[in-house]
Amino acid sequence: MEAGALSNPVLRARRNLTDRIGEPLLRGLSGLAAALAVAALVGIAYEVIDLARPAISEFGIGFLTTNDWNPVSKDFGAAPFLYGTVVTSLIALVIAAPLSIAISIYLTELAPLRIRRPVATLIDMLAAIPTVILGLWGILVLGPFMRDTIQPALNDVLGFLPIFSGDPSAFSYLTAALILAIMATPIITSVTREVFETVPGDLKEASYALGATRWEMVRQVVLPYSRPGIVGATILGLGRAIGEAIAVAQVIGAAYTIHLSLFHTGGTLAAQIASQFQNSAGLQKASLAYLGLILLVFAVIVNVVARIIVQRGHIKDGPDVDVDAALTEAQAL
Amino acid sequence: MSKRLLSALIAALALAVGVAACGSSSDSSSSGSGGGSNSPLVGAGSTLVAPLMSKWQSDFASKSEITVTYGAIGSGGGIEQITSRTVDFGASDAPLTEEQFEEADEQGEVEQIPWALSGTVPAYNVSGAPKGLKLNGEVLAGIFLGDITSWDDPAIAKLNPGASLPSTKITPVYRSDGSGDTYAFTNYLSTVSPEFKSKVGTSTQVKFPTGIGAEKNDGVAAAIGQTDGAIGYVGLAYALSNELSMPLVENSAGEFPEPGVKSVEAAADAVTKIGPNNEISLAELPSSAKGAYPISTYTYVIVPLESEKADEMKKFITYAVGPDGQAYGPDLDFAPLPKQVVAAAKQAVAKIGG
């Protein structure tokens with residue numbers, strides 16, 4: 001049949017033609033698609049810089065350390081928001097990463113097979129809650145709970161630390177950080193679960209054969225094997241936390257100077273842009289674009305660092321875990 | 001060979017798409033400008049005026065066959081859009097600053113015309129405090145400066161003799177996004193308190209030294225509702241329709257009028273001075289203004305004097321400030337414009353189109 005088809009001169013000519021056009025066409029179209037994505041990134045970066053230009057020439061690099069944001073006197077600085085972004089994201093990670101790893105261990109090693117899928121799906125669905133709804137829940141439920149229960153308790157025990165002192169408030173760095181932790185958890189969980197599933201069964205069985213308990217097996221085999229994946233997943237969650245604007249703007253309380261107490265109102269880069277950009281003009285708009293530029297640089301740095309860590313992990317820990325694929329998959333969520 | 005052919009093909013394709021895109025865009029713009037007597041108007045800005053605008057849109061379309069498209073993107077956005085002339089008119093709750101006028105005039109002079117009248121009201125949530133708590137401008141300024149921190153402060157007690165006031169901590173709540181209500185409120189506080197004027201100032205976005213920032217009217221209302229001891233400010237219409245608990249603010253006549261269309265109207269009637277660019281501030285009321293609500297505010301339309309749609313624009317603003325347009329006001333908690341303001345607005349409208 002095959003030979004017959006090829007011996008037919010008409011069919012052979014047609015096949016040659018499709019070969020000749022199809023191959024370069026595929027190359028051209030996919031190349032074009034890739035070029036478009038790169039062009040979009042470069043274009044966005046250029047636009048942001050262009051928009052920020054008046055603020056860059058007015059404030060220069062000192063913008064980064066100016067602890068003020070006053071639309072009336074036109075004194076603008078990024079320090080309060082840079083601080084807020086770093087603090088809320090870090091707290092979110094400190095809460096979300098161990099939680100997510102625990103969930104993943106449970107789902108891949110401990111949970112009865114029958115409930116693994118449904119629970120994993122439900123956790124994934126946590127990521128599908130619109131952020132504005134999460135923010136609303138933050139205002140109505142989480143914020144008051146933080147103010148009336150969590151913050152007084154923290155203050156009782158750790159009140160000697162400046163970050164846990166001061167009056168409790170429903171709108172605070174801490175409330176925003178918790179909302180971010182809730183957002184980051186499904187992302188980190190989905191990637192780490194994926195990574196844990198790639199741990200070869202024979203390694204685990206070997207560990208059991210040597211008399212390891214389940215906990216020892218997880219600690220000695222699963223976790224070391226998955227380290228680069230866990231780091232990658234955490235950074236991905238960090239990216240989510242840094243970039244989140246709406247829900248944070250709803251619960252952080254919009255204060256325009258740095259406050260050490262986590263119970264105090266504050267601001268983040270993304271939240272400040274989201275709440276003020278639409279209704280601002282002139283130097284304030286340029287300053288908001290400058291905040292956007294800082295956010296962009298911040299995100300790029302986080303991404304690059306993540307890639308470096310993941311790559312280094314590949315070499316050190318030997319067997320290749322397809323972290324990149326898992327990351328991409330999670331990003332698609 | 002085939003590679004070159006292919007790139008040529010792609011280039012041709014891109015060109016074709018580009019030409020098509022240009023063609024269609026120039027098409028639509030030409031049909032827009034050459035449409036004759038009934039070109040549609042496009043505007044953007046103030047969210048405060050949006051409910052009134054939606055009534056105007058349908059009524060005006062049926063009366064004149066001119067459709068008006070309006071984007072409630074916020075006053076600042078409206079000013080920016082009219083400055084770059086991407087819309088036919090902008091709407092702003094705060095009058096333009098000198099700097100904003102200079103920018104907007106770069107592409108030809110613009111005119112600012114008051115076309116609706118409303119108010120901004122404080123709202124509070126203090127368990128154990130009486131309903132209709134009495135406050136005045138200085139106390140409000142003190143609260144929002146962070147000088148008055150508890151509800152049993154002597155300054156509040158003095159205004160409410162005999163009332164039992166809890167010692168709850170005061171939490172001021174303000175708008176974190178730009179807002180005409182912030183403008184009206186800070187304009188009022190800056191007028192009554194020199195200290196507030198120098199420390200905070202007047203603008204659609206300011207830096208309050210203390211308190212909680214929340215997004216939009218509903219965010220502020222939610223923050224007040226969830227915080228015992230909170231006091232914030234929202235638009236009059238929002239406060240009335242959501243039945244928020246509002247304190248009574250003392251006016252220059254020494255009265256404590258109920259916030260509402262009637263008292264806003266009384267405030268507007270009392271102020272006859274119309275400033276340059278038709279700017280009217282209702283923050284400084286004469287002591288003869290009986291029943292006047294002290295935090296009343298005009299909202300403005302900003303329109304270029306010369307444009308292709310000058311005729312349509314004239315018709316629309318004349319309609320809006322006229323009896324038909326203003327008649328929709330009271331139901332939506334807008335007070336009707338007083339006579340002298342309507343006269344000034346009509347004078348300004350006459351300048352449009354040369």
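**View 1. The largest pocket holds about 800 Å³ of space.** Keep in mind that this is a predicted model. A total of 41 residues line the largest pocket. If you want to find its centre, look for B:Pro95, B:Thr97, B:Gln100, B:Thr202 and B:Ser203, which lie nearest to it. Chain A joins in through α11 (282–316), while chain B brings α3 (75–83), α4 (98–105), α7 (180–192) and β10 (296–304); these are the elements that each give two or more residues to the lining. The top contributor is α4(B), with five residues.

**View 2. Here is the largest pocket again, this time with the domains of chain B in mind.** Domain 1 of chain B covers 2–119 + 297–349, and domain 2 covers 120–269. Both of them give residues to the lining, so the largest pocket lies between them. Sorted by class, that lining is made of 19 nonpolar, 17 polar and five charged residues.

**View 3. The second largest pocket has a volume of about 680 Å³.** Its lining counts 34 residues. Closest to the centre of this pocket you'll find A:Ser169 from chain A, along with B:Lys169, B:Thr171, B:Thr210 and B:Gly211 from chain B. Strand β6 of chain B (residues 171–175) supplies the largest share of the lining, three residues.

**View 4. In chain A, helix α3 (residues 79–110) meets helix α4 (residues 113–126).** Their axes come within 9 Å and cross at roughly 160°. An angle over 145 degrees counts as roughly antiparallel, and α3(A) and α4(A) are therefore roughly antiparallel to each other. What is the handedness of the crossing of α3(A) and α4(A)? This crossing is left-handed.

**View 5. In chain B, helix α2 (residues 50–64) packs with helix α12 (residues 310–321).** The axes of these two helices are 11 Å apart, and the angle is about 120°. That angle makes α2(B) oblique to α12(B). The crossing of α2(B) and α12(B) is right-handed, whereas the crossing of α3(A) and α4(A) in the previous view is left-handed.

Notes
Residues are numbered from 1 along each chain as its sequence is written. Chains are lettered from A and ligands numbered from 1 in the order in which they are written. This is a predicted model: local features need pLDDT of at least 70, side-chain atom pairs count only at pLDDT 80 or more; totals for chains, interfaces and linings use all residues. Side-chain values use heavy atoms; hydrogens and water are left out. On a 1 Å grid over the protein atoms alone, a cavity is a set of points where a 1.4 Å probe fits but cannot get out, and a pocket is an open set with protein on both sides within 12 Å along at least five of seven lines; lining residues have an atom within 4 Å of a point. Grid points are joined across faces, edges and corners, and a volume is the space filled by probe spheres set on the points. Helices (H or I, at least four residues) and strands (E, at least two) are DSSP runs, numbered from the N terminus. Ala, Val, Leu, Ile, Met, Phe, Trp, Tyr, Cys and Pro count as nonpolar, Asp, Glu, Lys and Arg as charged, and the others, Gly among them, as polar. Domain bounds come from an automatic or database domain assignment. Axes are lines fitted to C-alpha atoms, for helices over the stretch in contact, and angles run from 0 to 180 degrees between N-to-C directions. Angles under 35 degrees count as roughly parallel, over 145 as roughly antiparallel, 65 to 115 as roughly perpendicular and the rest as oblique. A crossing is left-handed if the near helix is turned anticlockwise from the far one by less than a right angle, and right-handed if clockwise.
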